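Have the viewer open and follow along.

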Amino acid sequence: MSDLEPVIGVEIHVQLSTRTKMFCGCAPSFGDAPNTHTCPVCLAHPGVLPVVNGEAVRRALIIGLALGCEIAPRSIFHRKNYFYPDLPKAYQISQFDIPICGRGEFTAIREDGSELKVGITRAHLEEDAAKLTHGGGRRAGADGSVVDFNRGGTPLVEIVTEPDLRSAADTAIFLRQLRQTLLFLGVSDCSMEEGSMRADANVSVRPVGSQTLGVKTELKNMNSFRFLERGVEAEIARQREIIASGGHVQQETVHYEPDTGHITSLRSKEESHDYRYFPEPDLVPVAPDPAWVERLRSEQPELPIPLRRRLVVEMGLTQEDAEVITGSPELVAYFMEAAGLADPKSCANWIRGELRAQLRELGQEPWESNVTPAHVAALVGLLADGTVSVPAAKEVLAGVIETGDDPATVVEARGLGQMDAGDLSAIIGEIVNANPDQAQQLRDGKDKVMGFFVGQAMKRTGGRAEPQAVQALVRAAVLGE
Amino acid sequence: MIDDTTVRHVARLARLRLDDAEEQVMREELSGILEHIDAIRAMDLDGVPPTTHVIELENVLRADEPRQGLSQEDALREARAVVDGSFEVPRMD
């Protein structure tokens, strides 16, 4: 049997974080009391009419532009018909053959720096279904299933990719970087946990070199990228096994159980794929004004993947620095402000290192803390001109976190300025004289004992001495170097 | 003329329970509609864009401003069964 290669495409549902739902003025919500964000439109009472949320259209266009999609000059909505209690109209308003965003391409970057290009088939607007909770569970006493319509009608953009992915790892890389891009666009919270971003993967295998696609299965609703990666891996393995033993993969929807690592088949919804799409007569076409589209294009923020490259090439950051800094739009803005005022590489070091470490204990992000980007730049400046030592700078940072004062003010208030060379030399002399045994060890070539002297010097100076200066002075005092 | 299986399939998709007589009526009426579509198909329609909407309006968009909706009590008023502020429906899993 020839080798088999996996072929994967994904469908991503992104909930837009608009103030109102797709077709009515209700505020979408997560975690509120059930059925407190509804109206006759999203409950599908008779005689109501949907009206398109212009902001949802704007965000769909922003997403389409970032994915390099062709923007449709005129796009229409369709009804997708099926009966299920989470869908009060018995149809979902979606888009079918004329989606607002057509073909595009997204380029992700693998860890080794190589490019991962994924074709985008389309990105279209639709409405979310309500939340259906099956009997028992949290709502003990319910014999049936229960429906909460708060989520029903929330605007969604569904992004569909070409079957361009060839491994579970690539699938996870693509999805993580797509999510990061969407976060930078500010269109969605993209929380996998809360379901504001959901991904399904279509998985098939075929002989290497074959141009036709194998029978695919759809891996549904994974709530983390880690599980999705494992799920795709498990499904590929399952399909390989079926084919190796002479069987055939069946087209079906499957589910990955993170606890056991097993793939289970979901009850196949007979006839459910006969959606009988037809144009939504209650909504007129959306024809985005080309001038509007161009304005949105020109207003696009710098996206994380090109930005990552620029941080490395132009600002001297390492790949790893750049990856951490582009972790969120807030952190990028924070870093950029600091880097405009002081050496970018040093700013990156302090932000991703000591600042985040100290703030982690407080559960704060840099941009939420007392430390402004200007403070970071000032601290980097104090280090560069020798005003403070590295250990003292860490204390200065702690002081700024505590008080919100300028680093220079903290240095003065706490006496953290670098010691005068003469004073430091005198203190080192005293330490060496007080510890003859350790001095002898150093003479005997036991360099490890240097740590002892540095520790003593830090204790005596309250961290105001530069460790390298201490070492040089100790050598001078003990070894006459 | 479409066959009975097609009529039953469409009825099932629409959650309609039809007796034999109704099925026969539907079969005739649906066939009539489809024959009409076939008559249109037979015409030369090159260059005629499909009509999806009969009114010539575009871009009817709403500002993203929240409006007061229904209270939970009102939302649930017509529900056949209510559990903890939610609509109860036949068990689906």
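A quick word on helix angles before anything else: axes are lines fitted to C-alpha atoms, for helices over the stretch in contact, and the angles between them run from 0 to 180 degrees between N-to-C directions. Keep in mind as well that this is a predicted model.

With that in hand, take helix α14 (residues 450–461) of chain A and helix α15 (residues 467–479) of chain A, whose axes come within 10 Å and cross at roughly 115°. The crossing of α14(A) and α15(A) is right-handed. On the α14(A) side, the residues that meet α15(A) are A:Met450, A:Phe453, A:Val454, A:Ala457 and A:Met458. Facing them from α15(A) are A:Pro467, A:Val470, A:Gln471, A:Val474 and A:Arg475. Sort the residues of this contact by type and you get eight nonpolar, one polar and one charged.

Now jump to helix α1 (residues 54–66) of chain A, which has a crossing with helix α4 (residues 290–298) of chain A. The axes of α1(A) and α4(A) come within 10 Å and cross at roughly 60°. Angles of 65 to 115 degrees would count as roughly perpendicular and those under 35 as roughly parallel, so α1(A) is oblique to α4(A). The handedness of this crossing is right-handed. From α1(A), the contact uses A:Gly54, A:Val57, A:Arg58, A:Leu61, A:Ile62 and A:Leu65, while α4(A) brings A:Trp292, A:Val293, A:Leu296 and A:Arg297. Seven of the residues in the contact of α1(A) with α4(A) are nonpolar, one is polar and two are charged.

What about α1(A) and helix α2 (residues 168–185) of chain A: how do their axes cross? They come within 11 Å and cross at roughly 130°, which makes α1(A) oblique to α2(A). Here too α1(A) passes its partner, α2(A), in a right-handed crossing. A:Ile62, A:Ile63 and A:Ala66 of α1(A) touch A:Thr181, A:Leu182 and A:Leu185 of α2(A). That contact counts five nonpolar residues, one polar and no charged. A:Ile62 turns up in the contact with α4(A) and again in the contact with α2(A).

On to the strands. As a reminder, strands of a sheet pair through backbone hydrogen bonds, either parallel or antiparallel. Here are some of the pairs:

| Strand | Partner | Sense | Bridges |
|---|---|---|---|
| β3(A), residues 78–81 | β14(A) | antiparallel | two bridges |
| β8(A), residues 145–148 | β3(B), residues 86–89 | antiparallel | three bridges |
| β10(A), residues 197–207 | β11(A), residues 217–222 | antiparallel | four bridges |
| β11(A) | β12(A), residues 253–257 | parallel | two bridges |

The pair of β3(A) and β14(A) belongs to an open, antiparallel sheet of three strands, in the order β4-β3-β14 of chain A. β4 (91–94) and β14 (278–279) of chain A are its edges, each with a single partner strand, so one side of each has no neighbour in the sheet.

Another open sheet takes strands from chains A and B: four strands, paired antiparallel, in the order β7(A)-β8(A)-β3(B)-β2(B). Its edge strands are β7 (131–133) of chain A and β2 (82–83) of chain B, each pairing on one side only.

Strand β11(A) has an antiparallel partner in β10(A) and a parallel one in β12(A). A:Ala199 is bridged to A:Met222 in β11(A), and A:Glu218 stands opposite A:Thr253 in β12(A).

Methods. Residues numbered from 1 in each chain as written. Chains lettered and ligands numbered in written order. Predicted model: local features only at pLDDT ≥ 70, side-chain atom pairs only at ≥ 80, totals over all residues. Heavy atoms only, no water. Parallel < 35°, antiparallel > 145°, perpendicular 65-115°, else oblique. Left-handed = near helix turned anticlockwise from the far one by under 90°. Contact = heavy atoms within 4.5 Å. Nonpolar A, V, L, I, M, F, W, Y, C, P; charged D, E, K, R; others polar. Pairing = 2+ DSSP bridges.
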